[in-house]
Amino acid sequence: MVATEISPARRSRPPLSLPPGAWRLALPLVVLAVLFAVLIAIHPRGLAVASMTPWANQAVTLAFVAVGQFFVVVTRGLDLSIGAVLALSNALASELVSGTPVEIAVGVVAVLAVGCLCGAINGAAVVFGRIQPIVATLATGAIYTGLALIVRPTPGGDVDEALSDMLTYETFGFFPTSLILLFAVVYLVWWPLSRTVLGRSLYAIGSNESAAFMSGLNPKRARLLAHVLAGFFAACGGLFLAFQTLSGDASVGFSYTLNSIAAVVIGGASLAGGVGTVIGVIAGAYLLRTISTIMIFTGLPPMAQPLFEGLVLLAAVSVGAIEMITSRNKLKVLR
Amino acid sequence: MNPLCPAKVGLLATAALLLSLVPVTAADTYQPACFVPAPNAKTIQTEAKPGPCRIALVNGFVGNDWRINMIQAAKAWAAIPENKAELKEFKIISVGNDVAAQISALDNLIGAGYDGIVLNAVNATSFGPIVKRAKRAGVALVAFDNVLDTDEIVQVNEDQFQLGEIKAKDVVERLAGKANPKVLEVRGLPGNSVDRDNHDGMRSVLDKVPGIQVTEVVGNWDTGTVQKVVADVLATQGQFDAVVCQHGCAGVVRALIDAKMPMIPIAGDAENGTRIIMAQQGVKGLSAAQAPAMSAVTLQALIAQLKGEPMPSLVSLAIPAIKTEELKDGVNYWTSLPNTFYAATSFPACGIDFTADQIMSQTPDNT
């Protein structure tokens, strides 16, 4: 009986319309495409290597951090320490990622491992300490910032220049290597994981934790995984920033925490958990950074940048509310 | 191709070859009276580009009076007809405190084929790759105010040690051999390198005076804080013979007025408010500061470099300082303008002498 009551609405959907929730991915991609077209139109160089590589590079760090944030958000959490983990990995990278190729490789692995460890500590505080994610990560974030300052009290350090050039210039002379790096890392980590029960349970516990639990999924393990992933991707961001600047700075993290949340929401994920896509989130990060590049070439006042970002964010959240307005069963939305 | 600065068309391919460092002695640099070579500065000379050229100013943070006056001064410079003739395009960008955003802005401008860029950097260490890329693309990059850890490009600044030194010298002169003088030193933000250099400069002069007694207070470069700490020290230690002060020195004068003490020699900053109150109270002393108008000198240095002139890798500007006897309303301070306006608007050795109207008629916006 219950099933037949829900199904008429489904059946009445016109055959050509998008599947439910598809707009969450489509919207950021379409807006990004429009902004990208605007940028190409107003950039003095148009579509050229000289305009594309800076465009690709500038959002990679934020995209990594936002993807990390997304995994926590999808489990209905929030990681306020993610900027601090980025800063810590950036500071560590400026100490470790130089020297012989072996030293560099060890350095990169060490930085990523520290990122994962930070994430695991967050996860443990949330899962075993039963502390709210916001509170737990607020505290651990302060600790990581402190560690970053101990590692690198003043900006500076040394990062391997050859590797930096390789990652921040172009492949085949025209395609920004940083984009390849971003998609390769995200694909290699998330694709295999998304085929496993553990990977899928990230969405499940964000969507309805008790249902997921009763279906035999392990919410604790999923939540722990989400935080480790967040730490890992924050460390990727910290590493890339080190390659971009050839130095480390313990104070870079602050703006990334809030911007990553903004990118996640703009990218179509819901802060209520359970929905969103990695691709949408990457698009969200690029969308935010593309706005700032457009502002450079249009000469809009710098003070208006946060205003525009805020408007985009508000629009993204408002679009999310459409679901609520159009839903026949409000309880479904409110849960 | 870039129709705006035709010489660049053929040059881009061989950009790296164009940037050759020519070893010449410091005395050989262009206009050494204005672009004073710092000790140990290298000489940088690049091939001349026929003007008019496209240049840009990339700033970080924009939310304080110094930065706003700095951008206004840059625009005022570009509005002067003879400078205007050198410029095909002048773009101004403020990006905020994010390193990644500033790097991206610079990359975009280098990519867009600008001939020269002046930079007030977010930090001193993160721009190594940008210096390299600018060089590769044949773009002249000139940094100022927050200078970078490099001697590969031309940079413009005031020597903060020297700033402390000239303030202390003025005060010592005015004390004229007074036996065992009691001097108050008002410091800036603790832990900052500018505070350290100012302090070291002041002490290098003061400590040589026989029998001198120096008392230090920390004023955080803030007029209100300065007034409070000076009031406290006057209450506990009584009269001083002179004051050397980094910034926010209107607070020193106000504290003296409140304590009903006679005016003593004060060497302080060059904010309009400080000069107004110094003039009103007939304070004897000196007014000197890191002047935001250095953005204009930096643009002048950039144009010189683009013309192929030999430039020092670090310019140590003559510090704009005036004795309080020379203060004149409407000339070097303005009772009609806000206290926070930076009244040091001229670098005479560089031919830069803005009126307040010239600066205040410009907006701090991006262009």
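Predicted model: local features only at pLDDT ≥ 70, side-chain atom pairs only at ≥ 80, totals over all residues.
How do strand β2 of chain B and strand β4 of chain B pair, and over how many bridges?

1. Residues are numbered from 1 along each chain as its sequence is written, while chains are lettered from A and ligands numbered from 1 in the order in which they are written.

2. Back to the question: β2 (residues 53-59) and β4 (residues 116-119) of chain B run parallel, with four bridges between them. Strands (E, at least two residues) and helices (H or I, at least four) are DSSP runs numbered from the N terminus, and two strands pair if DSSP finds at least two bridges between them. Look for I55(B), which sits opposite G116(B) in β4(B).

3. Now zoom out. That pair belongs to an open, parallel sheet of six strands in chain B, ordered β3-β2-β4-β5-β6-β13. At the edges, β3 (87-94) and β13 (314-317) of chain B each pair on one side only.

4. Next, where chain B meets chain A: the contact (C-beta atoms, placed from the backbone, within 7 Å) takes 26 residues from chain B and 28 residues from chain A. On chain B's side, β3, α5 (99-111) and α6 (128-137) are the elements giving two or more residues. Of these, α5(B) gives the most, with nine residues.

Key:
Contact = placed C-beta atoms within 7 Å.
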